[in-house]
Protein chains: 2
Amino acid sequence: MNTRNLIGYNYLPENGKKFKALDPALGIDLPGEFYAASIAEADAAVNLADKAFVEYRSIDRNKKAAFLRSMADEMKAISDEIVERAMGESGLPAQRLQGELARTTNQLYMFADLLEEGSWVEAIIDTALPDRKPLPRIDIRKMMVPLGPAVVFGASNFPLAYSVAGGDTAAALAAGCPVIVKAHPAHPGTSALVAGAIKKAAEQHHMPEGIFSMLYDDGYAIGEALVKHPKTKIVTFTGSFKGGTALMKMARERNEPIPVFAEMGSINPIVLLPMALENRAEELAKIYGSITANAGQFCTKPGLLFAVKSAGLERFKKALSEGITNVNSATMLTPGIRSNFDKLSKDRLEEKAVSVIGQSDKLDKEKVNQGLAVITEISASAFLADKKYKEEVFGPYSMLVVADDITQLEQVVSSLQGQLTASVMAEKEELANYKQITDKLADLAGRVILNGPPTGVEVGNAIMHGGPFPATSDSRFTSVGTSSIKRFVRPVCWQNWSEDLLPDELKTDNPLNIWRLVNNNWTNK
Amino acid sequence: MNTRNLIGYNYLPENGKKFKALDPALGIDLPGEFYAASIAEADAAVNLADKAFVEYRSIDRNKKAAFLRSMADEMKAISDEIVERAMGESGLPAQRLQGELARTTNQLYMFADLLEEGSWVEAIIDTALPDRKPLPRIDIRKMMVPLGPAVVFGASNFPLAYSVAGGDTAAALAAGCPVIVKAHPAHPGTSALVAGAIKKAAEQHHMPEGIFSMLYDDGYAIGEALVKHPKTKIVTFTGSFKGGTALMKMARERNEPIPVFAEMGSINPIVLLPMALENRAEELAKIYGSITANAGQFCTKPGLLFAVKSAGLERFKKALSEGITNVNSATMLTPGIRSNFDKLSKDRLEEKAVSVIGQSDKLDKEKVNQGLAVITEISASAFLADKKYKEEVFGPYSMLVVADDITQLEQVVSSLQGQLTASVMAEKEELANYKQITDKLADLAGRVILNGPPTGVEVGNAIMHGGPFPATSDSRFTSVGTSSIKRFVRPVCWQNWSEDLLPDELKTDNPLNIWRLVNNNWTNK
């Protein structure tokens with residue numbers, strides 16, 4: 001494990017401020033010293049990325065795909081080491097991290113497949129119509145091209161799948177954008193291991209130096225320098241509302257404002273409809289598993305449950321209470337996240353309007369930095385009276401909001417802000433009666449779910465992981481799945497261009513056999 | 001012509017500050033008094049749009065298409081009146097405005113066709129794989145849905161095609177977004193006529209009231225109120241850098257930041273390669289037509305010409321000089337635009353480094369507010385030394401930048417900011433030798449053109465009218481052509497949803513026969 005900053009193919013000399021990685025479960029430092037990068041090093045990384053961009057963008061798609069596959073293979077080759085270090089740095093269990101590593105490598109394979117198939121560039125061709133009246137039509141051909149160097153912030157809660165070689169990096173590299181990762185200081189060792197795997201794969205495939213760099217910092221200076229660098233063209237971030245909005249502000253106050261895709265807070269409301277509660281209250285109460293998995297540290301953790309008073313709801317509450325009481329405490333990612341969770345959940349519990357449905361008492365005394373699950377209850381009217389209840393509590397916490405009737409239920413749902421997900425638990429026969437509510441959920445969120453938990457995000461073509469502000473900075477893009485590549489590209493059209501100098505994707509005989517819209521017809525011929 | 005503010009189907013009582021329309025060619029007021037809307041009226045228009053959105057978004061696509069067609073038909077029914085009023089208000093000639101009206105109605109027909117065909121929603125389906133290991137795959141289906149109420153600012157230089165019923169309005173209504181137009185104060189009568197046609201079409205098709213409103217203001221208060229309204233979800237604008245960046249700032253400082261698509265300044269560089277100059281200098285000099293058409297008041301007017309010193313270039317300059325001297329003066333859109341043009345072109349001419357290639361002396365003394373064409377010359381080194389030369393001069397002005405050699409030519413091209421278009425005049429056999437330059441042009445711009453003027457934007461599927469900042473606020477979208485609908489939508493996915501409650505676009509048997517990506521295969525079955 002090389003713990004120094006990586007610019008292109010070179011590890012920088014040791015200098016600057018040192019920091020260590022913390023084992024949050026034991027409260028002790030882990031081996032290895034990491035060096036906060038300097039502003040000059042951040043500058044050098046972006047300049048090198050910009051230089052690499054000229055060559056990298058034009059590299060054959062099959063070569064890019066092979067490189068992405070090798071990234072995954074190199075990670076797999078050291079998977080035990082990666083998982084062990086990530087366990088130490090994050091407090092997450094082995095099984096979760098093994099699954100996350102599989103997701104991470106699968107994402108890379110998925111983008112490799114996408115590149116080889118090739119239709120993702122959205123090629124559109126309108127050929128010349130010299131005889132058109134009143135004016136002839138000129139030949140115009142359009143496709144997506146990469147934006148340029150991307151700055152990717154590693155996420156604390158996904159040390160692999162949304163960090164150094166995570167979804168953002170994979171999508172950016174697939175799009176043709178060089179990547180500069182700002183490693184998350186909570187898992188620098190994991191980051192070092194993964195960056196080493198990427199470096200190895202890049203060298204093996206003779207990729208232009210600078211398509212990947214990774215810098216450390218346990219403060220904000222390097223992130224800021226990277227975002228403000230004139231050659232940075234896009235920024236991605238997964239984390240807090242505060243962090244995301246700070247980056248958005250920096251990016252738009254540049255001389256050249258650039259897009260930031262920030263995935264921020266989401267409370268992922270779940271509406272429980274009456275018939276479903278009546279028929280299967282106890283089964284529905286198993287949702288506590290989604291609330292507490294990995295100490296509730298998911299962007300898709302359901303933080304609000306909505307229902308109308310009923311006998312079924314009382315049974316649901318009873319089962320929920322029993323379930324939550326028996327959930328073991330779990331290590332939280334960092335002491336900062338833990339203290340913030342403790343503060344917010346305590347604040348809620350001290351409110352007169354809030355009562356406790358259930359609270360775990362299974363504290364693991366062998367470990368520190370533990371999150372104890374709690375689920376509270378509030379009336380719909382009290383919920384509507386204070387907007388703080390609509391804010392995310394990151395950790396194993398959720399709140400049941402009880403409405404007097406369906407009208408009030410609609411009212412609370414309508415009062416919500418933008419979300420990544422919104423779910424409804426319903427019997428199919430009752431669903432049509434609540435169309436106003438389900439329409440409203442689709443209006444709020446990027447993903448609406450019937451009879452399932454929001455956690456466990458499928459990585460595929462159809463997934464939408466994004467949503468109206470404040471869930472993300474731009475609801476028009478997803479950060480998960482093949483479509484997430486669209487964040488990193490823009491369309492360019494060539495007008496009356498010389499056939500032999502057109503990109504292959506736009507050549508008349510379609511040498512890549514990709515799907516294209518040609519003179520208003522979809523064809524892969 | 002009803003000159004009052006229109007909210008939904010109601011013209012508001014006359015109140016507030018009055019203003020009149022100016023005939024810029026004659027310097028006199030035109031008939032009709034217009035009333036600046038109040039903040040309360042702006043609020044009412046957005047609230048009504050938000051209410052209408054709930055119904056409008058779900059209206060059948062064929063009904064929406066029929067409504068768009070009727071908008072065009074109602075405009076055609078009063079085309080003489082529209083063109084006459086627009087001539088008076090804009091100073092643009094009849095033929096141009098007739099063509100612009102045809103473009104405007106064709107845009108509406110184009111979006112009607114797009115809706116009826118239906119594939120634009122980008123439907124993607126991943127069906128359930130219950131037996132997948134290690135985890136089953138859940139059914140997920142994604143498509144584009146409208147963002148919500150859109151505020152559209154009418155553009156001064158396209159009183160029809162980028163104004164009340166222009167490309168932005170057509171795309172927004174097609175997407176399912178209600179529209180509130182802030183009419184441009186330079187053509188309020190034209191706006192009134194077109195708004196009347198839209199109202200008629202909307203009533204005829206029983207569209208929910210509020211899907212279209214139009215407000216006047218000869219200042220900035222109403223535009224600001226519309227952009228800051230919490231129920232406004234997207235803003236589009238075509239105009240100055242100053243105006244566009246002011247709107248961007250307002251939109252991002254809201255509690256809920258919203259996207260602004262602003263099309264702002266572009267100088268549309270043209271690179272003239274040596275062999276082309278040698279072979280056809282006189283033909284290439286005809287570019288003065290693109291520089292001076294409609295007093296150069298196009299966002300795609302070529303404002304910079306680049307070439308290396310040569311005998312061919314001298315012939316080009318001579319022909320250009322002769323051409324430009326004989327261009328008649330033309331009425332500019334407003335006295336403000338004229339005085340700004342005069343000031344900027346005079347500033348340039350006073351610079352020591354700048355010389356005149358040619359200047360029109362054909363002033364039409366019968367009219368006021370005339371723009372006189374001028375083309376200047378500067379050395380590449382002087383051009384590089386002062387960034388003001390890279391700023392747009394809106395009007396019949398262009399500047400030839402003369403480089404000593406190809407290296408210096410590359411240097412000046414590389415120094416440019418983002419552009420809507422970039423062109424190269426070349427013989428096909430020399431083009432491959434200048435790949436660095438043509439790649440750089442594609443890097444700068446949204447549309448690259450070989451051997452043609454940038455003016456005359458084709459409205460179709462393949463067009464990209466947009467580009468890196470400062471040309472537009474977001475290079476990832478176009479404001480012209482069918483793809484411009486993408487500015488107004490976001491993806492939503494339905495997970496494990498009930499088949500009968502899915503939108504038709506996502507139903508398993510594909511009742512609309514649209515093109516979809518189903519389990520990774522493109523199909524319209």
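In chain A of this predicted model, helix α1 meets helix α7 through A:I39, A:A42, A:D43 and A:V46 on the α1(A) side and A:A221, A:I222, A:A225 and A:L226 on the α7(A) side. By class, this contact has seven nonpolar residues, one charged residue and no polar ones. Chain A is superposed on chain B by a rotation of 180° with 0.0 Å of shift along the axis, at an RMSD of 0.0 Å. The two copies are therefore related as by a two-fold rotation axis.

**Helix packing in chain A**
- Helix α1(A) covers residues 39-56, and helix α7(A) covers residues 221-228.
- The two helices pack at an angle of about 35°, and their axes are 9 Å apart.
- The crossing of α1(A) with α7(A) is right-handed.

**Domains of chain A**
- The domain assignment divides chain A into domain 1, made of 6-120, 148-237 and 244-255, and domain 2, made of 270-450.
- Between the C-alpha centres of domain 1 and domain 2 of chain A there are 34 Å.
- Contact between these domains involves eleven residues of domain 1 and eleven residues of domain 2.
- On the domain 1 side of that contact, five residues are nonpolar, five are polar and one is charged.

**Symmetry and the interface between the chains**
- A:R252 is the residue of chain A that comes closest to the rotation axis, with its C-alpha at 4.3 Å.
- Both copies use the same surface, since 100% of the contact residues of chain A recur in chain B.
- In the contact between the chains, 49 residues of chain A face 49 residues of chain B.
- The elements of chain A that each supply at least two residues to this side are β5 (124-126), β6 (140-146), α15 (428-431), β20 (445-450) and β21 (489-495).
- Of the elements on this side, β21(A) gives the most, with six residues.
- By class, the side of chain A that touches chain B holds 26 nonpolar, eleven polar and twelve charged residues.

**Strand pairing across the interface**
- β21(A) is joined by three bridges to β20(B), residues 445-450, and the two strands run parallel.
- In β20(B), B:I449 stands opposite A:Q495.

**A hairpin in chain B**
- Strands β3(B), residues 18-23, and β4(B), residues 28-35, run antiparallel and are joined by five bridges.
- B:L22 has B:D29 of β4(B) opposite.
- The two strands form a hairpin with four residues between them.
- In the turn of this hairpin, B:G27 has a positive phi of about 70°.

**Backbone geometry in the loops**
- The peptide bond from A:F469 to A:P470 is cis, with omega near 5°.
- A:P470 belongs to the loop between β20 and β21 of chain A.
- In chain B, the peptide bond from B:F469 to B:P470 is also cis, with omega near 5°.
- B:P470 lies in the loop between β20 and β21 (489-495) of chain B.
- A:N510 is not a glycine, yet its phi is positive, at about 50°.
- The loop that holds A:N510 runs between β21 and β22 (516-518) of chain A.

Methods. Residues numbered from 1 in each chain as written. Chains lettered and ligands numbered in written order. Predicted model: local features only at pLDDT ≥ 70, side-chain atom pairs only at ≥ 80, totals over all residues. Least-squares fit on C-alpha atoms with pLDDT ≥ 70 in both. Contact = placed C-beta atoms within 7 Å. Nonpolar A, V, L, I, M, F, W, Y, C, P; charged D, E, K, R; others polar. Pairing = 2+ DSSP bridges. Axes fitted to C-alpha atoms, helices over the stretch in contact; angles between N-to-C directions. Left-handed = near helix turned anticlockwise from the far one by under 90°. Domains from an automatic or database assignment.
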